[in-house]
Amino acid sequence: NYPRIDFGSQYTQLIARRIRECGVYCEIYSYDVDEAFLQEFAPQGVILSGGPETVTVGETPRLAEAILDLGVPVLGICYGMQTLAEQLGGRVQASAKREFGHAKITAERPSALVGALGATQMSGADVWMSHGDKVIEVPPGFVVTASTSSAPIAAMEDSERHIYGVQFHPEVTHTANGNALLSVFALEICGCKGDWTAENIIEDAIAQVRQQVGDDEVVLGLSGGVDSSVVAALLARAIGDQLTCVFVDNGLLRLDERDEVEKAFGKESGIGNALPLKIKTVDATQEFYAKLAGLEDPEDKRKAIGNTFIDVFEREAKALPAVKWLAQGTIYPDVIESAASKHGNAHVIKSHHNVGGLPERMALGLVEPLRELFKDEVRQIGLVLGLPKSLVFRHPFPGPGLGVRILGEVKPQYADVLRRADAIFIEELREASLYDAVSQAFAVYLPVKSVGVVGDARRYEHVIALRAVETIDFMTARSARLPYDFIERVANRIINEIAEISRVVYDVSSKPPATIEWE
Ligand code: XMP
């Protein structure tokens with residue numbers, strides 16, 4: 001019973017995250033959501049997202065009548081406002097020219113919603129515009145509440161029926177006080193309580209998991225990443241020793257990673273104390289390297305690593321005969337992504353390694369307590385559950401690990417060198433307080449030979465590339481503008497401390513056209 005989003009724009013996830021930051025639960029559905037489902041979900045309000053289409057031609061997405069029939073407040077953003085205007089009897093004008101960027105907004109009359117943008121209510125606040133079409137006549141019952149120089153109807157409302165529309169994007173940070181607008185909508189206009197907090201999420205999740213699994217045993221693949229670690233901590237609290245974690249060392253982990261995971265959940269961590277966490281560490285290094293021998297193609301390597309993981313994990317889980325459930329760290333963006341790819345509009349650039357197919361193969365039920373959560377919420381509950389900050393805010397690490405950071409064939413001696421180079425880079429980033437300023441940073445092993453001189457000796461060895469990126473969603477990214485002196489220091493340390501490396505380069509490619517990982 002909370003607000004919810006409908007159409008499909010690049011900002012849709014952001015709207016849901018912003019609403020949740022107000023302490024209000026929010027889910028995303030396609031605009032053609034089923035009426036029976038809507039009734040059962042019983043939202044307290046609905047937000048219609050923007051979208052790439054135009055309402056000025058037929059056959060484009062329209063608001064389901066059932067949403068208006070719910071009688072709850074509705075807020076249309078951008079395309080959402082245009083479809084409201086068009087469907088309720090106003091007029092929308094097509095335009096080939098897009099308005100994109102900041103605009104000054106002027107309040108046309110008092111409005112609780114638009115007033116939230118600026119203290120004076122008649123404010124001149126900066127809002128973010130990204131649209132072509134615009135509303136040129138509001139529907140009967142509506143008034144214009146704000147304008148900009150290029151969009152005379154920048155906001156409209158029917159405060160009687162509680163239907164609102166804004167042409168600008170309150171969800172992006174470029175809109176000053178956009179959060180305040182969404183908060184007024186969710187808390188005041190919809191009357192939601194704002195009690196979606198980390199503590200409540202944990203309580204809910206614990207109750208749900210207990211109800212779902214009863215006295216059954218559960219197995220979890222613990223990778224040391226944020227998501228599976230949070231699941232482990234959560235399940236430790238919910239079901240204690242009914243949980244067994246399997247940690248597979250594939251020989252492609254970062255330096256000391258195995259020790260760190262064991263330490264994070266060990267006796268002294270506080271997590272293992274209350275309810276001792278059973279971790280079964282499996283050293284499968286040999287098996288992974290055997291499967292990778294001779295493979296050079298990135299997709300072949302990914303498949304080999306993914307399949308070997310499934311083999312190893314399945315074998316280990318089968319050795320725990322009482323297990324009936326498989327716990328996974330699936331989070332909400334994974335759910336949205338796989339729904340999008342079912343609709344056929346997501347492009348597979350790289351096959352991502354996960355344990356897809358495992359539950360069916362093993363005839364296990366699935367426990368996915370983070371399925372409804374965004375990454376920032378997962379981190380928040382991780383902290384509340386007592387996981388160390390260093391783990392909770394650790395940069396993402398790909399499932400295939402160093403396997404996709406050693407170009408071409410993966411060899412144990414390359415992995416060993418890469419681990420040491422990567423550790424130097426990360427250590428220096430932390431030392432310079434730059435680690436949290438970048439979204440992801442790592443070293444890549446390039447098995448090409450290059451000449452160097454170290455001391456008086458000629459060195460003819462391989463190359464390390466350093467990669468650091470800034471990104472919000474990992475779909476697009478730019479290389480981090482790390483200080484030159486810093487990069488130079490890291491490069492010198494790597495060449496001086498690692499005899500197998502003769503040269504270090506810094507990768508300045510953006511995504512797109514490059515990807516974040518090299519393979
Ligand atoms: P790319 O290289 O596609 O990476 O720009 C985007 C983000 O995804 C991570 N990544 C992976 N994560 N399994 C994962 O779990 C994978 O196979 C995989 N490949 C890339 C990458 O580290 C970056 O954060």
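Helices (H or I, at least four residues) and strands (E, at least two) are DSSP runs, numbered from the N terminus. By that numbering, aspartate 256 is found in the loop between β13 (243–249) and α9 (257–264). The model is predicted: local features need pLDDT of at least 70, side-chain atom pairs count only at pLDDT 80 or more, and totals for chains, interfaces and linings use all residues. Residues are numbered from 1 along each chain as its sequence is written.

**Domains**

- The domain assignment gives domain 1 (4–189), domain 2 (198–392) and domain 3 (411–506); such bounds come from an automatic or database domain assignment.
- Between domain 1 and domain 2, 4 residues of the former are in contact with 4 residues of the latter, contact being C-beta atoms, placed from the backbone, within 7 Å.
- On the side of domain 1 that touches domain 2, helix α1 (residues 12–21) gives the most, with 3 residues.
- That side of domain 1 divides into 1 nonpolar, 1 polar and 2 charged residues (Ala, Val, Leu, Ile, Met, Phe, Trp, Tyr, Cys and Pro count as nonpolar, Asp, Glu, Lys and Arg as charged, and the others, Gly among them, as polar).

**Helix packing**

- The axes of α8 (residues 226–239) and α15 (residues 375–384) come within 10 Å and cross at roughly 45°; axes are lines fitted to C-alpha atoms, for helices over the stretch in contact, and angles run from 0 to 180 degrees between N-to-C directions.
- α8 is therefore oblique to α15 (under 35 degrees counts as roughly parallel, over 145 as roughly antiparallel, 65 to 115 as roughly perpendicular and the rest as oblique).
- The contact is made by Val226, Asp227, Ser229, Val230 and Ala233 of α8 and by Val378, Arg379, Ile381 and Gly382 of α15.
- By class, the residues of this contact of α8 with α15 are 5 nonpolar, 2 polar and 2 charged.

**Backbone geometry**

- Most residues other than glycine have a negative phi, and most peptide bonds are trans.
- Asparagine 177, in the loop between β11 (163–166) and α6 (178–189), has a positive phi near 60°.
- Asparagine 177 counts as partly exposed because it has 19 C-beta neighbours inside 10 Å (20 or more other C-beta atoms within 10 Å is buried, 12 or fewer exposed, and in between partly exposed; C-beta atoms are placed from the backbone).
- Aspartate 256 also has a positive phi, near 60°, and is exposed, with 11 other C-beta atoms within 10 Å.
- A cis peptide bond joins lysine 511 and proline 512, with omega about -20°.
- The bond from proline 512 to proline 513 is cis, with omega near 10°.
- Proline 512 lies in the segment after β20 (501–506), and proline 513 lies in the segment after β20.

Technical notes. Two residues are in contact if their C-beta atoms, placed from the backbone, lie within 7 Å.
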